[in-house]
Amino acid sequence: MSFLTSIFLTNRFAELPRAFFTPVLPQPLTNTRWVAWNSALAIQLSLPEQSPQGDLKDFLAGEMVSDSVPSLAMKYAGHQFGVYNPDLGDGRGLLLGELTSKNGQVFDLHLKGAGLTPYSRMGDGRAVLRSTIREYLCSEAMAGLGIPTTRALGMLTSDTPVYREKTEQGALLLRVAESHIRFGHFEHFFYTNQMAELTLLADKVIEWYWPECNKEPQPYAAMFEKIVDKTAQMIAYWQAYGFAHGVMNTDNMSILGQTFDYGPFGFLDDYEPGYICNHSDYQGRYAFDQQPRVALWNLSALAHALSPLIERGALESSLGQFESKLSKLFSKLMRDKLGLHSKLDRDSQLFQSMFELLHQNSVDYTRFMRELSNLDQQPTSVVEDLFVDRQAAKTWLELYLARCDCEVNQQGEALSAQDRCEAMRAVNPKYILRNYLAQIAIDKAEEGDFSEVHALAELLKQPYAEQPENDAYANLPPDWGKKMEISCSS
Ligand code: AMP
Ligand code: MG
């Protein structure tokens, strides 16, 4: 087919035995058209800078298939809210194939919303415009922040009606990731007692992502340690940047530790450790402050699934290091955010009292950190103004600024406020994807006006830069947009 001359497509997953997947053709939507195309990512993948038309568009929209590279639905299982569900798999997304980036890295190209598969269960195989916009914007916002994540190459809308609480527009998301393998892939083979497949999956993960593990005395144990490492890193970023995922089921955990499957996520507005963004999470299992604990629980579920391949001692040893790895990176990220590069024992007290104050005074987390990053240009009263208890804020600020005075630059001289703050502005975003901003963009998009989607996508590419023309996007949420809980129906 002619379009195949314009892209180089592979699919290593399709070469695995059938136990891993079912070949499925995408079911086209009606009158698809581009809502967004991620030019920067497209260029990295040697795709056209402008949203493709013709054959390539037809292929990416699931309206034309490759005759040589089959699209497929992956089989996986997973623990949902702590309960094992054997019946999961790609229920509405297909792996179209793999693209090789300019620097030789291989990326999965996944089309979400492509129709029914054998794993659709009660679902319709579709994705609505609303949730597609949320995933597109958030994955790109996370990438802009420097947080490990899957990416979004583009999205399309259509005239196909999709029925949720109301009738909505069917849409498609083109997701790009180094891997779509989830903890739940391993769980599926373990719980169905398919040991050859379990072993083959581990071998492929090592071959594709971490070939260096083969040099270790116990390659599978080394692979698990990598997964623990990457997961700890991802969670450290989430906690430091105030990101709540909302559905940390093991089928939504990437083995590469990339933020995966954006559903009812939310960034903290006010610093509220118990923030629950998922409307269906009645017990708060996936509340913001539970994420480190849940990640460890999920890793333990994965360890159990890997127990036929890895000795118990090695699994326990890796799991045992999770908390210290996470807290080490979290402390580093927080020190960077506060402009403290040296490490003093008393710092943890300073962090703790900061979090308590932010919580007690319901202070906006992102705004606070950004204002703190501007103390070379503004008086401390700007920060104090964010607190109800100004005196407590003043006392903390005095301690903090005294602590900053202990910092020295590479020449051993006292670090200037300007140098400190410049470094802080590079790690404390001015702009984040607040739920209310996403909601405004979605409301307009549902009326056919995609301007806010484009504006946000552009803005969030550079969340740390001052963008004076976009100052309004740094505004705190209006009352209706605070503590939004998002429904899982997507
Ligand atoms: P999620 O909560 O989005 O991570 O999805 C959990 C499982 O349900 C996965 O196996 C999905 O593929 C499947 N799923 C979610 N929504 C739909 C849908 N509309 N149609 C079919 N399957 C779905
Ligand atoms: Mg999922």
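This is a predicted model: local features need pLDDT of at least 70, side-chain atom pairs count only at pLDDT 80 or more; totals for chains, interfaces and linings use all residues.
Which polar backbone atom is 2.6 Å from an oxygen atom of ligand 1? That atom belongs to G89. I will come back to that contact after a word on the model as a whole.

Along the principal axes, the C-alpha trace spans about 65 × 55 × 45 Å. As for secondary structure, the chain has 16 helices and 13 strands.

Now to the ligand. Ligand 1 takes up the space of the largest pocket. Around ligand 1 there are 17 residues, and the closest are G89, G91, R121, G125 and N252. Sorted by class, that shell holds 8 charged, 7 polar and 2 nonpolar residues.

Back to the backbone contacts. Besides the 2.6 Å pair at G89, a backbone N or O atom of G91 sits 2.8 Å from an oxygen atom of ligand 1. At R126, a backbone N or O atom is 3.3 Å from a nitrogen atom of the ligand. How much of ligand 1 does the protein bury? Taken alone, ligand 1 exposes 480 Å², and the protein buries 81% of that.

Definitions and conventions:
Residues are numbered from 1 along each chain as its sequence is written. Chains are lettered from A and ligands numbered from 1 in the order in which they are written. Side-chain values use heavy atoms; hydrogens and water are left out. A residue is near a molecule or strand if one of its heavy atoms lies within 4 Å of it. A polar contact is a pair of N or O atoms within 3.5 Å; within protein, one must be able to donate a hydrogen and the other to accept it, and residues adjacent in sequence count only if both atoms are side-chain atoms. Accessible areas come from the Shrake-Rupley method with a 1.4 Å probe; for residues, only the protein chains shown count as cover. On a 1 Å grid over the protein atoms alone, a cavity is a set of points where a 1.4 Å probe fits but cannot get out, and a pocket is an open set with protein on both sides within 12 Å along at least five of seven lines; lining residues have an atom within 4 Å of a point. A molecule sits in a cavity or pocket if more than half of its atoms lie within 2 Å of its grid points. Ala, Val, Leu, Ile, Met, Phe, Trp, Tyr, Cys and Pro count as nonpolar, Asp, Glu, Lys and Arg as charged, and the others, Gly among them, as polar. Helices (H or I, at least four residues) and strands (E, at least two) are DSSP runs, numbered from the N terminus.
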